[in-house]
Amino acid sequence: QVQLVESGGGLVQAGGSLIVSCAASGRTFNSYAMGWFRQAPGKEREFLAAISENGASTYYTDSVKGRFTVSRNNALNTVWLQMNSLKPEDTAVYYCAAGDGLANFWARYWGQGTQVTVSS
């Protein structure tokens, strides 16, 4: 079992940057790949990025490739999503998840989400 808590969301102007964090409890954090998702109002949850168990490999969807960076520190049980060049359409609740895979990431555990709002 893994419990995940996101933090770091907030309001940022278009073109700005923000880092959201995801802290995990439990001793098995490094057994899971970690993924980031988002859900905007009225839309389905969208997969954004994933990082392998040891952090050596990452995957990004086209919507965030080149703007977002996922990283992790297994000693701190934490994964981050660095978001640059933010756009109003990036406004959403951002979720981290623990699971398996990269491009075919499968979530097993979810965090509660953190709101990111990008103003124009």
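Colleague: What makes Ala107 count as buried or exposed?

Modeller: This is a predicted model, in which local features need pLDDT of at least 70 and side-chain atom pairs count only at pLDDT 80 or more, while totals for chains, interfaces and linings use all residues. Residues are numbered from 1 along each chain as its sequence is written, and side-chain values use heavy atoms, with hydrogens and water left out. Buried means under 20% relative accessible area, exposed over 50%, and partly exposed in between (1.4 Å probe, protein chains only). Ala107 has 19% relative accessibility, so the residue counts as buried.

Colleague: Where is Ala107 placed, and in which strand?

Modeller: Ala107 belongs to strand S10 (residues 106-110); strands (E, at least two residues) and helices (H or I, at least four) are DSSP runs, numbered from the N terminus.

Colleague: Which residues is Ala107 in contact with, leaving aside neighbours within four places in sequence?

Modeller: Contact means heavy atoms within 4.5 Å, and Ala107 is in contact with Ala97, Ala98 and Gly99 once those neighbours are left aside.

Colleague: Why is the link between Cys22 and Cys96 called a disulfide?

Modeller: The term requires a pair of cysteine sulfur atoms within 2.5 Å. For Cys22 and Cys96 the S to S distance is 2.0 Å, and a disulfide joins them. Cys22 lies in strand S3 (residues 18-25) and Cys96 in strand S9 (residues 92-100), 74 residues apart.

Colleague: What makes this disulfide right-handed or left-handed?

Modeller: The torsion about the S-S bond of Cys22 and Cys96 is about 55°, so the disulfide is right-handed.

Colleague: How do you know whether Cys22 is buried or exposed?

Modeller: Its relative accessible area is 0%, so Cys22 is buried.
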